[in-house]
Amino acid sequence: MTAPSSLRRAVDALEIPRTRLLAAVLASLATLGSAFALAAVAAYLVTRAWTMPPVLDLTVAVVAVRALGVSRGAFRWLERMLTHDVALRGVVSLRTHLFTALAARTDDALTRLRRGDLLTRLGDDAQELGDHVITALVPALVSVVMAVAVLATFAPLSLSAAAVMLTALALAGVLAPLAAHRAARISEQAVLTTRAGLSAQTLEILDDATSLRIEGRLDGSLAQLRQRQAEHDAAIDRAAVPAAVASAAVPLTMILAVAGSLLAAGTLWTSGGASAGQIGVLLLLPLSSFEAATALPAAASQHARSRAAAERLAALVGDAPARPAGPPPERPAAAHLRAVDLTAGWTPGAPRVRGLDLDLPPGSRLAVIGASGTGKSTLLATLAGLLEPLAGHVELDGRALTALEPARVRAGVTMFAEDSHVFATTVRENLKVVRGDLGDEEIRAALAAVGLVDWVAALPHGLDTMLGPDGTTISGGERRRLLLARTVVRRGPVLLLDEPTEHLDTAHGDRLLAALLDAEDTSLVPARSTVVVVTHRIEAIPAGTSILRLEDFR
């Protein structure tokens, strides 16, 4: 997909109403028109007053200067309100479309993206397209109209001055934006690429600082972060030359316009072809004729950034089909999960699990153990259909996951990741996210099963208590048990759990782990559900439970 078509699709996804955009453009035109008229009237007033006419002859000009000075500020405020309203509404609409399209993807492209890169695209790139309205679209439209107004003002005074002004405006409207666009393209080709890597590296260090320090890899990660920062800075420096040309182009063309007006004014004054007021307008007005043109380099830079951002978002969304209409498939009571000669990993050159065969009939219990980095989470993601196998395949009830509708896979297999998200909403809604039909009795029963009933009772608003973003207002143990409560209310046919008892005290965590892996204990999950648990607590695994040691499949 080409960048222009990606940008058009992204702008369409902003869903900007034409009336709101027109209002923003008109407010911007009123702002610059007031400034231009203020300069013209002030120039006339200064030079006309030099001839010492009767005071009453200047009254209209004096009142006009005051009115235009006030109106310029008022229109500027209105323009800011309207343009930002359009942009912010557009970003909301764009992100809604993005999340809808991402949810419809059936491949594992998102799973393979690093979190920092995904955050950059959904955050910064979506915002770049919002800025496209404020910094590129509106100023470009306004500059065209203002150029016509400037030429229409100069032409009756002096055709030669108007011709020079036309040349200056054309240079300012072409040379400066081209240089700015070039600088922005250099930046986008390198800077934003390095920024994504820099963000991802920073997040990885922040998330895993403790384990990196324990394993002795923190200094190496920090050195790599400094290298990425240096690459980012170097990319910015490469764009400095065309950026300098863009910055200098408009002032230089302004000098050209002033020189042309000065020559034209001199000719008219010596020949007696113009009044003092008209001469003043010719001499001083060029200084205010380029206010719209000065925004064009920034508009060109924003256009380049928006194109690059739209292209990255198009690659992120892909060609995801729309979700089929109709109700979701009915969730089966039980399911048979198999892995056949499975090789799993994030890249073909570095598989984490090789040649694995698994047969998990309904009601199976399996504990997966292994050292950090052996591929436990990778295996669960592959069994859940979130990560495509590098070799072999995974079957659900005798059919490969890749041959099933995504909704059928989600109904049959549910993975609860170690870093599952806690939403900034109520306790109730954080459980209803896995089952929208939950009642309060089921929610309280699930919370009691994981040991949170006393915690909920102590909350100021019970189930209606708001939680902070990603569980920042609760402890690590409370967060882990809240996530485990989602497993309890889900009660799916196949449940894959990644370290569900981490951050819990040993005694309580071991009791919950035993309840999950004991097929006769139905306090957490039904006996017919298949449960696969990743854990480091080997000693807490109930006797007779099947154990998969991933070191045997490296």
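Modeller: The answer below begins with the annotated stretch, continues with its sheet and helices, and ends with individual loop residues. The model is predicted, so to speak of local features a pLDDT of at least 70 is needed and side-chain atom pairs count only at pLDDT 80 or more, whereas totals for chains, interfaces and linings use all residues. Residues are numbered from 1 along each chain as its sequence is written, and side-chain values use heavy atoms, with hydrogens and water left out.

The unreviewed UniProt entry annotates residues 337-554 as "domain: ABC transporter"; such annotations may be inferred rather than shown by experiment. Over this stretch the chain is 29% helix and 23% strand, where helices (H or I, at least four residues) and strands (E, at least two) are DSSP runs numbered from the N terminus.

Five strands form an open sheet with parallel pairing, in the order β6-β7-β8-β3-β9; two strands pair if DSSP finds at least two bridges between them. At the edges stand β6 (413-416) and β9 (546-549), each with a single partner strand, so one side of each has no neighbour in the sheet. On average, and with direction ignored, neighbouring strands are turned by 15° against each other. For angles of this kind, axes are lines fitted to C-alpha atoms (for helices, over the stretch in contact), and values run from 0 to 180 degrees between N-to-C directions.

Within this sheet, β3 (residues 365-369) and β8 (residues 530-534) pair in the parallel sense over four bridges. Ala367 has Val533 in β8 as its bridge partner. Helix α11 (residues 376-383) lies across β3, β6, β7 (494-498), β8 and β9, and runs at about 155° to β7.

A further helix, α14 (residues 440-449), has Ile443, Ala446 and Leu447 buried. Buried means under 20% relative accessible area, exposed over 50%, and partly exposed in between (1.4 Å probe, protein chains only). Viewed down the axis of α14, the buried residues fall within an arc of 100°, so they line one face of the helix; the arc is that of the directions from the helix axis to the C-beta atoms. The cover over these residues includes α13 (427-432), α15 (453-458) and α16 (476-490). After α14 comes Gly451, whose phi is positive, near 85°.

Where is Thr426 found, and which residues does Thr426 touch? Thr426 lies in the loop between β6 and α13, and with 12% relative accessibility it counts as buried. Leaving aside residues up to four places away in sequence, Thr426 touches Leu463, Asp464, Thr465 and Met466, contact meaning heavy atoms within 4.5 Å.

Arg491, in the loop between α16 and β7, has a positive phi of about 50° although it is not a glycine. Its relative accessible area of 35% makes Arg491 partly exposed. Glu499 is located in the loop between β7 and α17 (506-517), and its phi is near 50°, again a positive value in a residue other than glycine. Glu499 is buried, with a relative accessible area of 8%.
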